[in-house]
Amino acid sequence: MTGITSTPWRESFDFDRCDIRYLKVKDSAEKFAVVQFGVCPFRWDSNKQSFIAHPHNFYIFPRQEIPGSQSYEFLCQTASLDFLAKYQFDFNVCIREGISYLSRSQEEEALERISSIYMAESSDSVFGLREDAEFPLVRMADVLFAERMKNTIMEWRASLLSKGSSNSETKQISTDPNQRFQMVFFKTRPALALSGFTSRQLRVIKAVARKHFKDLAYIRVAGEATSPQQLIVHTDSNDDMDLLMKEMKDGLHKEAEIKVKSAVGFRHVIDLLSSERKLIVGHNCFLDMAHIYSKFIGSLPSTTEDYVSSIQKYFPFIIDTKILLNASGVFQKTVNKSSTSLSRAFVSICPQIALGVKTSGLADRPCVEVEVQVDEKRSSNWNSGAKHEAGYDAFMTGCIFAQACNHLGIDFSLHVLAGGLAKETKLQNYINRLYLSWVSGDIIDLSSGKCTTDSSASSNLKIRYQEISFPSIILLWGLPAKLKAREIRACILQAFGPTSVSSVYHLDESAVFIQFSKPELVSKFLEMKETLSRNSDPISVLHPLSNILNGEYTHAATYDVYKKICSSSISKKLFADQAEAVGIKHKTMSSWAEQGKKGNQVFVKENEVRVFDEKVDDRMSPPYGYSETDRSAESFYLDEVLASK
């Protein structure tokens, strides 16, 4: 991928609800490109009692394959490009030789656009005759050339009418010494083939044929060479002319459809994987699946629920090896939970493949052997085990999964004729359960759309916090520069009491989450903020909140507004600028606050509760609200997102 997060505040935060996490993944998949795609089919060989792996590594690049279509745009992050360069990614090969693609929705839109053009437009518009018939002859050279062409075409037409032409076989008869006109037959009709003329001269000839000869049609057909062939075709009647125009329109329509079909490109691979309906295995792959949907299926749905129901139509069985590594007690002993990146897990669980060591370290179970089969072109590069090459990463993912299945006691031979591992009962607790966020432990079930929390996923990386209650959270943005979390907390405690605030957490230098101890304090804070914003009397100036509020520039809103801002496709660097760009320019009493005032608070389900710390110190300061230790724990680029792939 060319990047992960379009802005710092779109990174994954502990205060992000599951629906917010999806919106941030959606933004990433829509804004960044995929430049390399790895696929590795695994086939069980009952005779050898081993898997045969066929790794494939594809460079892909979204070219503008269809004339007239909009060219692609995507973002790049310097850290991501530096990461790719570190592992010898060949950008020249990607751009020069990368396979292009169209998503299903792009293909459908292109075909519909073509159909509307050729079904609704007249023949004149399709063939560009209308504008050529009105081609202005402003130059003396154009006038003289037009008169000469008129006489030449008139002589040829007169000879046809006087002598007749009953021969339907293709002929090539020279009509001038320079071989610029040749007599041919097009669909049994006599025609003049034009060659050696400039584009301007051809436009003049078109205008002459259209204006002076009602029984002649100027057409362009695909030739054997790269440039199309220009013909002047004679028709016997108006009906014959209409028939010729229809034939040409149908031919151009079919030619345009063929171009669209050929532009599908790499999506053929995705279509094949989807049609097979076999088990798809990935490692920490929720973002990968979002990219696959965005690039090869269509625009990502706006809600988690719609995405879950849609992705299941194309890939009904997906398994995340990161879930497997964290669920098994044996794996937890073998792989340090803080370092379950793909390459580290591969070395720990598959040392016999990665390092040539015979023992696997997983109890006393024998290792599952994996044999690699690659073509001659790739064999010289394969043994190097190119870390972070997509094809090799896919191979490592499959090897880890094979060992995990073996540890669960799965007999691979039974699944050769039984429809594959997707129906294995011992895997049902893991299929379609993907990490929305490995650090927070959020897991989404693609079968039901429900989000749960795996508290043990990265508990050794988390600090103990107080429980999150989303109705008790507000966002405050447009804050004075360099204001620290502890200073914000102190001001609010003075105004609302020593136990009023549970935690303060920075999104970026301009915005913070504030979690109150009670939901009703949210509406009170918003009301007080509104009052202080309107007044400038001495009492307001001396109010404790005046130290953190910056007049009309500081805004506050409930958690629902945060979701609205995250759902926008706009990506401003600062959250305050983002809110203004989305149109949130003042504090808002949204549904959370209104329900709080009515005494009808809505609390998160038990499985959606997080743990946060009451202590707020400098490590909660800008820009991201967590320490260097926490930053390395999330490690969006090098250690957990890119390095784990």
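Strands here are DSSP runs of E with at least two residues, numbered from the N terminus, and two strands pair if DSSP finds at least two bridges between them. With that in place, the hairpin of β14 and β15 has five residues between the strands, and glycine 449 in this hairpin takes a positive phi near 85°. The model is predicted.

**Chain as a whole**

- The protein chain holds 25 helices and 19 strands.
- Of its 645 residues, 51% count as buried.
- Taking contacts between residues at least 6 apart in sequence, 71% join residues at least 24 apart.

- Strand β13 (residues 433-437) and strand β14 (residues 442-445) run antiparallel and are joined by four bridges.
- Leucine 434 has isoleucine 444, in β14, as its bridge partner.
- Four residues lie between the strands of this hairpin, where glycine 441 takes a positive phi near 85°.

- The bridge partner of aspartate 442 is threonine 453, in β15.

**Side chains in strands**

- In a regular strand, side chains alternate between the two faces of the sheet.

Technical notes. Residues numbered from 1 in each chain as written. Predicted model: local features only at pLDDT ≥ 70, side-chain atom pairs only at ≥ 80, totals over all residues. Heavy atoms only, no water. Buried < 20%, exposed > 50% of the residue type's maximum accessible area, 1.4 Å probe, protein only. Contact = heavy atoms within 4.5 Å.
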